Amino acid sequence: MPSENAVLITGASRGIGKETALALLKQNVKVVALARSGDKLQELQSQYPDQVFTLAVDLSIDESYTSVIKLLNDNNLQLEAVIHNAGALLNKPFLETTTEDWDFLLKANLMSSVNLIKTCHPFMVKGSHIVQIGSMGGFQGSSKFPGLSAYSVTKGSLSILTESLAVEFFKDDIRVNCLCLGAVQTEMLEAAFPGLQAPVQPNEMGAYIAEFAMHAQKYFNGKVLPVSLADPS
Ligand SMILES: NC(=O)c1ccc[n+]([C@@H]2O[C@H](COP(=O)([O-])OP(=O)(O)OC[C@H]3O[C@@H](n4cnc5c(N)ncnc54)[C@H](OP(=O)(O)O)[C@@H]3O)[C@@H](O)[C@H]2O)c1
């Protein structure tokens, strides 16, 4: 069986990740969709049965990556893009944060990226693209907000990882960029800033990320890009 190209996206069960997956699927791209909520991934599977490969995994657990490798091998898939969109939020004053809180966010926001990229690298084709979904909260020099220190620090770490891997993977012809998003109307935004009306809807941002993942590696490498009309929103 000849191998097929696909785009892998994490956090595809809702919000921006789901809309990014849908934007890619509408363009006939094959999609590997990961998240913990298997029932929500099943909705994508029912809509695009021949085009989507879903896997319910918790990316903060090391063992999950064995099943990602199995899925890619079993379906003979190569990756033309990896979009690491899954992320977790904690809204809690810094002095109340516990070691467990920091450990949780480091695993969910940073180590998930480290483990995902190590897992996917052998499957990535020449000219492929790794897109990290960062946050304006983790963009150096942006406005910061009380309660979001652990979230902002762990999202910010993706910027340096992006710059480092862009250099390391240059010889493999794999480009790495980070999009630092401003406010998008999702469940996470509501948890971070209750009542805030965002200027961008998830389907709009999903369409932009899909386009960026498929084409921007021709123009950008190692870039940490703010995707925001204003700072902060
Ligand atoms: N919305 C905004 O305004 C905004 C602004 C800046 C940056 N961002 C970033 O954009 C990304 C998407 O945000 P969103 O607003 O769409 O968030 P969301 O609605 O909370 O969705 C988060 C997604 O990540 C998945 N996820 C979380 N933890 C996971 C884990 N341990 N393993 C696997 N999947 C996990 C969730 O699926 P399950 O629960 O099913 O696992 C869900 O699909 C995040 O990285 C966020 O930091 C968002």
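Figure 1. The side chain of threonine 186 places an N or O atom 2.4 Å from an oxygen atom of the ligand. The protein buries 95% of the 880 Å² that the ligand exposes when taken alone (Shrake-Rupley accessible areas, 1.4 Å probe). A polar backbone atom of asparagine 85 is 2.7 Å from a ligand oxygen atom, and a polar side-chain atom of arginine 14 lies 3.1 Å from a ligand oxygen atom. This is a predicted model, in which local features need pLDDT of at least 70, side-chain atom pairs count only at pLDDT 80 or more, and totals for chains, interfaces and linings use all residues. Residues are numbered from 1 along each chain as its sequence is written, and side-chain values use heavy atoms, with hydrogens and water left out.

**Figure 2. The shell around the ligand.** The ligand is surrounded by 28 residues (a heavy atom within 4 Å), of which Arg36, Ser37, Tyr151, Lys155 and Thr186 are the closest. By class, the shell comprises 13 nonpolar, 11 polar and four charged residues (Asp, Glu, Lys and Arg count as charged; Ala, Val, Leu, Ile, Met, Phe, Trp, Tyr, Cys and Pro as nonpolar; the others, Gly among them, as polar). Strand E5 gives the largest share, three residues (strands are DSSP E runs of at least two residues, and helices are H or I runs of at least four, numbered from the N terminus).

**Figure 3. Surroundings of glutamine 45.** Glutamine 45 is found in helix H2, residues 38–47. The glutamine 45 side chain makes a polar contact of 3.2 Å with the side chain of threonine 54 (N or O atoms within 3.5 Å, one able to donate a hydrogen and the other to accept it within protein; residues adjacent in sequence count only if both atoms are side-chain atoms). A polar atom of the glutamine 45 side chain also lies 3.5 Å from the backbone oxygen of proline 49.
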